[in-house]
Amino acid sequence: MRPRSNCFYRMRSGFAIAALGLLVAALIMTPQAALAIPRQEGASAAMARLHVEELALGIGPRPAGTMRESAAADYVAEVLEEYGYAVSRVPFSWETADGVSVSENVIAVSPTAKPGARIVLIGASLDTCGLDSPGADHNASGLAAMLEAA
């Protein structure tokens, strides 16, 4: 039996939570039908499915520090702006065997936060574990759940 990578264990925990809702959406809703649904308050399984499809199939594998990871950041920022959040992007870098890699965090803040309101922090990773995985369960499903929780 082949030893499992750290990516396997990281993606396994996030996948279990999002998988049930996405499975139900996949069984009952086509992408065309989901696109016809107007955005409303609250999370939408149909929209979560569309987010996963765009990230995993439209953008594809998103290794850290690549143009595809940046495309995923663009997508997440666009969606959060459409949802009414004030969005900023904060670049960061790290050393690799090949030199320095650069990625960015997408940060969204509710412009209508009320004084004394609870602060909720929700996060998900933009990248995938490699070039051979479209990243539906690492971590498009987590990003989709985060976007719909927003």
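Residues are classed as buried under 20% relative accessible area, exposed over 50%, and partly exposed in between (1.4 Å probe, protein chains only). The structure is a predicted model, in which local features need pLDDT of at least 70 and side-chain atom pairs count only at pLDDT 80 or more, whereas totals for chains, interfaces and linings use all residues. Residues are numbered from 1 along each chain as its sequence is written, and side-chain values use heavy atoms, with hydrogens and water left out.

A search of the whole structure identified 3 salt bridges, a salt bridge being a side-chain nitrogen of Lys or Arg within 4 Å of a carboxyl oxygen of Asp or Glu. Helices (H or I, at least four residues) and strands (E, at least two) are DSSP runs, numbered from the N terminus.

Within helix α3 (residues 45–59), E53 and R49 lie 4 residues apart, about one turn of the helix. Their side chains form a salt bridge with an N to O distance of 3.1 Å. R49 is buried, at 18% relative accessible area, while E53 is partly exposed, at 23%.

D74, R89 and E104 are joined in a network of salt bridges. The side chains of R89 and D74 meet at 2.7 Å, N to O. This pair links distant parts of the chain, with R89 in strand β1 (residues 86–96) and D74 in helix α4 (residues 67–82), 15 residues apart. A salt bridge also connects the side chains of E104 and R89 (2.7 Å, N to O). E104 belongs to strand β2 (residues 99–109) and R89 to strand β1, so this contact ties together parts 15 residues apart in sequence. With a relative accessibility of 18%, E104 counts as buried; R89 is partly exposed at 31%, and D74 is partly exposed at 33%.
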